[in-house]
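Dear colleague,

I am passing on the structure we spoke about. Please find it below, followed by notes on what was found in it.

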Amino acid sequence: MKNQSFLCIANWKMKYAHNQALSFARDNKAGFEQLAAAHSNKKIILCPSHDVLAQVADLFKGSAVVMGGQNCSAHALGNYTGEVAAESLEQMGCRFCIVGHSERRMFCAETNEDIARKIEHLIRLNITPIVCVGETKEEYDRHETLSAITVQLKAASKGIKKMSGHMYIGIAYEPVWAIGTGLVASNAHIEGVFKHIAELMCTEQSHCKFALLYGGSVDENTASQLAQIHGLHGFLIGGASLDFKKFEKIVTLRA
Ligand code: PGA
């Protein structure tokens with residue numbers, strides 16, 4: 001993935017309600033725009049919650065700041081109360097969308113099959129899926145990281161397989177035990193996982209280019225160490241992305 005921009009994805013989760021999210025975006029509009037303009041080798045991707053996405057997208061229209069969704073429906077348009085279609089994300093200007101985040105797997109019972117269908121919708125609409133994979137603490141302790149990731153990735157791959165032509169996806173390795181905990185995986189552990197993902201992708205999906213990302217307690221303190229990871233093409237940033245100074249430091253740390 002040489003010559004691809006380094007992806008700095010801000011996952012705002014549901015940390016703010018509508019008004020606070022909008023105020024945060026407005027207060028830091030100039031900062032985000034300058035950051036994106038000053039780092040043309042990086043993509044600043046903001047993923048607000050769906051209720052505020054259109055307004056935040058409007059705010060950053062015409063700038064180098066890129067919009068992303070936190071999720072999309074596994075279904076095509078139809079009778080799905082409360083769902084947000086991938087088409088809506090496209091119409092709101094999203095170029096990326098997170099799928100299969102462990103919080104959705106855990107709290108919304110999202111399955112690998114759902115994730116494969118979401119990937120399919122996104123690819124069809126030319127939105128780059130950022131597919132999250134990662135092991136739980138129990139799996140990590142039992143040394144089952146690679147087998148857990150194999151299951152998740154093989155299932156997600158079904159969504160990619162159905163599509164023809166060249167495509168580009170992001171795969172974010174996010175150990176569940178590292179999300180929001182202040183704990184980070186060691187660089188050696190992450191590099192081992194990256195190698196495994198790359199091998200899987202090469203055998204399963206030779207027509208698909210992929211960027212490898214890391215997420216889980218990436219902040220202004222952990223980022224400098226994590227930035228040394230061999231093969232890293234981006235960060236998925238939760239908590240620290242809602243503090244502009246911290247986010248700026250993470251983005252600027254990596255040359
Ligand atoms: P965190 O979240 O940076 O707060 O650990 C990352 C994520 O869940 O994507």
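Subject of these notes: cysteines and ligand

C108 counts as partly exposed, with a relative accessibility of 40%. Please keep in mind that this is a predicted model. C202, by its relative accessible area of 54%, is exposed.

How many disulfides does the structure hold? The number is zero. A disulfide is a covalent bond between the sulfur atoms of two cysteines. For C108, the closest cysteine sulfur belongs to C72 and is 13 Å away, too far for a bond. The cut-off used for such a pair is 2.5 Å between the sulfur atoms.

Next, the ligand. The space it takes is the second largest pocket. There are 13 residues around the ligand, and those that come nearest are K13, H101, E174, G180 and S217. By kind, the shell around the ligand divides into seven polar residues, four nonpolar and two charged.

In G238, a polar backbone atom is 2.9 Å from an oxygen atom of the ligand. G239 also takes part through its backbone, where an N or O atom lies 2.9 Å from a ligand oxygen atom. On its own the ligand has 280 Å² of accessible area, and the protein covers 96% of that.

Regards

Technical notes
Residues are numbered from 1 along each chain as its sequence is written. This is a predicted model: local features need pLDDT of at least 70, side-chain atom pairs count only at pLDDT 80 or more; totals for chains, interfaces and linings use all residues. Side-chain values use heavy atoms; hydrogens and water are left out. A residue is near a molecule or strand if one of its heavy atoms lies within 4 Å of it. A polar contact is a pair of N or O atoms within 3.5 Å; within protein, one must be able to donate a hydrogen and the other to accept it, and residues adjacent in sequence count only if both atoms are side-chain atoms. Accessible areas come from the Shrake-Rupley method with a 1.4 Å probe; for residues, only the protein chains shown count as cover. On a 1 Å grid over the protein atoms alone, a cavity is a set of points where a 1.4 Å probe fits but cannot get out, and a pocket is an open set with protein on both sides within 12 Å along at least five of seven lines; lining residues have an atom within 4 Å of a point. A molecule sits in a cavity or pocket if more than half of its atoms lie within 2 Å of its grid points. Ala, Val, Leu, Ile, Met, Phe, Trp, Tyr, Cys and Pro count as nonpolar, Asp, Glu, Lys and Arg as charged, and the others, Gly among them, as polar. Buried means under 20% relative accessible area, exposed over 50%, partly exposed in between (1.4 Å probe, protein chains only).
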